[in-house]
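Visitor: I would like to go through this model with you and ask, for each term, what it rests on. Could you show it first?

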Amino acid sequence: MYRLKMEAFTAVAVWAMASACRSVPVARDWANGLCPRGDADLQELGAKLSSTAKVYFPGSSEFNDASARWSTLAEPNVTVVVVPGTESDVAETVKFANKKDLPFLAYNGAHGALTTLGQMTHGIEISLSQLSSVEVAEDGKTAKFGGGTISKTVTDELWKVDKQAVTGTCECVSLLGPALGGGHGWLQGHHGLASDQFLSMNVVLANGTLITIDEKSDLWWAMKGAGHNFGIVTSLTAKIFDIEHRDWAIETITFSGDKVEAVYQAANDYLLKNGTQPEGVINWSYWMNDATVDPNNPVIVFYIIQEGVKTVDSKYTKPFHDIGPLSVVPDSGTYKDLATWTGIADSSIPCQKAGYSNPRFPIYLESYDPQAQKKIWDIFAPAIRGNSVFNNSMFQFEGYSTQGVHNTDSRSSAFAFRSEHLLVAPLINYLPGGPDRDRQARALGTQLRDILHEASGRKDMRAYVNYAYGDETPEQLYGSEQWRQNRLRSLKQKYDPEGKFSFYAPIP
C-alpha cells in the first residue's frame, strides 16, 4: 500500500509539473524547462478544470504564499496546491485525489492551529481563495457568499448596501471557517451564531459529489458546528440584516496585574450580571506585554464595547475607573472599526503569517472566577515576562452578548455550547524551537486551562473547536451528551466512511 501511495504521489508530481506548461496557470519560475509531455493525469484533470483554476508547486513563491499558515506548529505538509476557479473545480480535484489515493485539505484563511493538521504528511491543498463573492438577493434579506470569502470582504461589501451579517470577529479569517464550527461574532447577541444564519449551501462531499443542502438534509445539522468533518463548502446562502446601529464606542482600560481580582469581579457584577449582559454591550480583554504602558510587566487590557452610542455609558465604565487603571482611552466610530480597536484587523499583527507557532487552549465559562483569574495570572505573567521565548503570548477573554445564541434550541445543530457566556483561551506565541519548546508551550497552556476548568466545578470541559489545540476529545469539542456523539458518528459513517475529512478536529 505504501508503494502504491508513493507511486500516486510521483504521478501527481509529474502531473503538477506538466500543468505548468499547459492551460492551467502555475508558477512558471520553478517549472520552466521541467515539463514532461503527454502526461495522462494532466489530461484527465486539466480537461475538467476551468480556465481560471491554478496549480502551484514547491519551489515557487506562489506555492509558499498559498500554503503558509498562521501557526507553524504541526503544519500540514502539502505537495501540490490547487486553486479552483469554480465550485466544480473543487469537486473535480477531490475526485482526482481520491482516484490517486491522495489526502486533500481545504484551505480557507489558514488560521486553524490544531495539531491534528500535522497528520497530513503529503497531498493536495485545495485553496478556496478564488471563490470569493458577495451577492445580495433582491429582497435584501439574504446573500450568497463564495466559499472562500474573507470576513472583511463580507463586512465591507454588505456595508456598501446598508447591510451586515454575523461573521467572526477577526477580519482576516474566512466567513465559513469559523461558521462551520459555530462562529462567534460581534452581532451574536442579536442574531445568534454565524452558523445560525445558514439557509442553504453547496458542499463537496468526501466522494467528490457537489450537492446543495438545506434544513431538509440530515447533513444540515452536522454542518452547523462540526462542518469541517463533512465537506468543503463552495458557496453559502445566509441571512443578512439591515444596519441597526452605525455608531459604536469603546473604552480601553488598562490595569496592572495586582488589580486582576477586582477587574473580573466588576465584570461579573456590572457587565455579565448572571448572563444578562445587554445585547449591545461586549466585554473583551487581553493579558499581554505592552511596553508603552509598563516596560517590565504584562498588563490587563480591558475593553468595554457598546453599540448605538458615541461614548460608552458610564454605568458600565465607572466601576472600572474606580478600581484605579493605568490608563483609560475612549474612542468612537462604526462597526467597521471594531477589529482595529481590538487588534484583529486585516493589517494587525495577529493577522500576519509571520512564522510563529500559535497554539490556543480554549475553554467556555459561565462567569469569571476572580480567585482563579488571580491564580492563572500568577502563572501566566512570569511565563511571558521579559526575555521569555513566550513574551508575545496573550490570554484572551471574549465576553459577547449571548441572547441570540441562547434563543436557538441547542438540539438544532451540532454546536453544543449555547449556555456559555465567556470564551477564554491562552494563546502561546513563540518562534519554533524544537520539540522541547513545543512541550513547554503545551504544558503552560494546559496548566492554565486546567485551573479554569477545575474552578468551574464542571465534570466536562467545553472547548471551542475553532480555537482548539488538538488534544481535546470529541466530547469536549462537540458536546458530551451521548445522543450528540452517536448522531455525529452515524453521519460521519454515512457521508465520510473513509475519513477523508480527518485532519481538523476529527470525529472518529
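Visitor: What makes the five strands in the order 5-6-10-8-9 an open sheet, and with which pairing?

Guide: This is a predicted model, in which local features need pLDDT of at least 70 and side-chain atom pairs count only at pLDDT 80 or more, while totals for chains, interfaces and linings use all residues. Residues are numbered from 1 along each chain as its sequence is written, and side-chain values use heavy atoms, with hydrogens and water left out. Strands are DSSP runs of E of at least two residues and helices are runs of H or I of at least four, numbered from the N terminus; two strands pair if DSSP finds at least two bridges between them. Pairing of this kind, in the antiparallel sense, gives the open sheet with the order 5-6-10-8-9. Strand 5 (134-136) and strand 9 (210-213) each have a single partner strand, so one side of each is left without a neighbour in the sheet.

Visitor: How do you know that strand 8 and strand 10 pair in the antiparallel sense?

Guide: Strand 8 (residues 198-204) and strand 10 (residues 232-239) are joined by six bridges, where the rule asks for at least two, and Phe198 stands opposite Ala238 in strand 10.

Visitor: Why is helix 9 said to pack on the sheet, and which strands does it touch?

Guide: Contact means heavy atoms within 4.5 Å, and helix 9 (residues 219-226) touches strand 8, strand 9 and strand 10. Its direction makes about 90° with that of strand 8, where axes are lines fitted to C-alpha atoms, for helices over the stretch in contact, and angles run from 0 to 180 degrees between N-to-C directions.

Visitor: What makes strand 15 and strand 16 the edge strands of the other sheet?

Guide: Seven strands form that open sheet, in the order 15-12-14-13-17-18-16 with antiparallel pairing, and strand 15 (327-334) and strand 16 (363-365) each pair on one side only. Within this sheet, strand 12 (residues 247-256) and strand 14 (residues 294-307) pair over nine bridges, and Gln306 in strand 14 is the bridge partner of Ala249. Helix 10 (residues 260-272) packs on the sheet, and its direction makes about 5° with that of strand 14.

Visitor: How is the chain divided into domains?

Guide: The bounds come from an automatic or database domain assignment, which gives domain 1 (51-127), domain 2 (134-243 + 488-494) and domain 3 (247-481). The C-alpha centres of domain 2 and domain 3 lie 25 Å apart, and their contact takes 36 residues from each of the two domains.

Visitor: What is called a cavity here, and how many are there of 30 Å³ or more?

Guide: A cavity is a set of points on a 1 Å grid over the protein atoms alone where a 1.4 Å probe fits but cannot get out, and five cavities reach 30 Å³ or more. Grid points are joined across faces, edges and corners, and a volume is the space filled by probe spheres set on the points; for the largest cavity this comes to about 80 Å³. Lining residues have an atom within 4 Å of a point, and those of the largest cavity include His184, Tyr364, Glu398 and Phe417.

Methods
On a 1 Å grid over the protein atoms alone, a cavity is a set of points where a 1.4 Å probe fits but cannot get out, and a pocket is an open set with protein on both sides within 12 Å along at least five of seven lines; lining residues have an atom within 4 Å of a point.
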